[in-house]
Amino acid sequence: MATLHILSHSPFTDSRLASCLRLLGAGDALLLTGDAVYALQPGTTNLQALQLMPASVALYALDEDLAARALQAPERAQVVDYPEFVELCTRYAKVNSWL
Amino acid sequence: MKFAIALFAAPHQPASRRALRFAQATLAGGHEIVRLFFYQDGVHSASSNVVSPQDELDLPREWREFVTANGLDSVLCIAAALRRGVLNAEEAQRYARSAANLEAPWELSGLGQLHEAAQQADRLVCFGGQ
Amino acid sequence: MSKSLLIISRQAPWSGPGAREALDIALAGGAFDLPIGMLFLDDGVFQLSAGQQPGQLQQKNLGANLQALPMFGVEELYASQRSLSERGLGDSELNLAVQRLDDSELTALLERYDQVITL
């Protein structure tokens, strides 16, 4: 039962991303929202950690949060809007938001 | 698909707006929301006492309009709400408080409502954080 | 068949109502006879330290409430061995009987449940 994990805290001040990466299953996915999109900041160890995830783990980022923060998604990440966010939730068996 | 949406964030936190946009997209996509459940600081997102500056987003109002327009089942955890000073008229009277700041369409109830919604829904989606 | 729910509790015990409110979700689910599991992760494992004195902070005893979990039918109790070890609790006696799981076991645990709430 694959899980869509949703993060919304900056990985620079918070351990949620690190904890999440440690218990990701092979078919799980990660959706970055809010300050969690800072994980895509180029030249950082956080981005490196995301790049090192197995290819089977899909990586998504919410478009408005990227644009608001002047961030570009790297090739590894797919940008989604709200309708696609909803669709993602239907595609995975469960949704785990790291509140 | 049936969604249960739980909000854990106050209206000044970005997650409250994100939850609302997600909920709107859920209905727009032809899905059903079995219940909105507000827990922890999420209860503040239902407060009718929040006053936003005129040129800023008024999220409690947007939430209220969204819930009303779509006739959604929307529940606040009563224990979380009382602890944070979010009271409807009945609770304000019960505890002899001078003001109520929760009106229809919101209802106060127990955590059993969260579990019931999670059982009925195909997906439970929670919102909180930055 | 009822859907199973795993509650992942990551909050330290005295940083606000977060830890108690996570526990309350578990207790409520147990009271409704739902299949509930609880995992203590990250700072959440500090809830399990023995000998805490919440009275010093005029707080109710969370540990006593945690011990009520099995009485509410919540018997699947887990803690991250890594979180415990990182926080100097790796070999400590805890105030609750939990199964200690390593990272790969946590992945498998998460997979088993129908729904999850992490707070």
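**Close-up 1. Burial of strand β2 of chain C.** Strand β2 (residues 36-40) of chain C is mostly covered in this predicted model, with five of its five residues buried (20 or more other C-beta atoms within 10 Å of the residue's own, C-beta atoms being placed from the backbone). C:Ile36, C:Met38 and C:Phe40 point one way from β2(C), whereas C:Gly37 and C:Leu39 point the other way. In a regular strand the side chains alternate between the two faces of the sheet. Strands (E, at least two residues) and helices (H or I, at least four) are DSSP runs, numbered from the N terminus. Residues are numbered from 1 along each chain as its sequence is written, and chains are lettered from A in the order in which they are written. Local features of the predicted model need pLDDT of at least 70, side-chain atom pairs count only at pLDDT 80 or more, and totals for chains, interfaces and linings use all residues.

**Close-up 2. Strand pairing around β2(C).** Strand β1 (residues 5-9) of chain C runs parallel to β2(C), joined by five bridges (pairing requires at least two DSSP bridges). C:Ile7 has C:Met38 as its bridge partner in β2(C). Four bridges join β2(C) to the parallel strand β3 (residues 76-80) of chain C, where C:Ala79 is the bridge partner of C:Phe40.

**Close-up 3. The side of chain C that touches chain A.** Here 12 residues of chain C are in contact with 13 residues of chain A (C-beta atoms, placed from the backbone, within 7 Å). α4 (103-112) and β5 (115-118) of chain C each supply at least two residues of this side, and α4(C) gives the most, with five residues.

Definitions and conventions
Contact = placed C-beta atoms within 7 Å. Buried ≥ 20, exposed ≤ 12 C-beta atoms within 10 Å, placed from the backbone.
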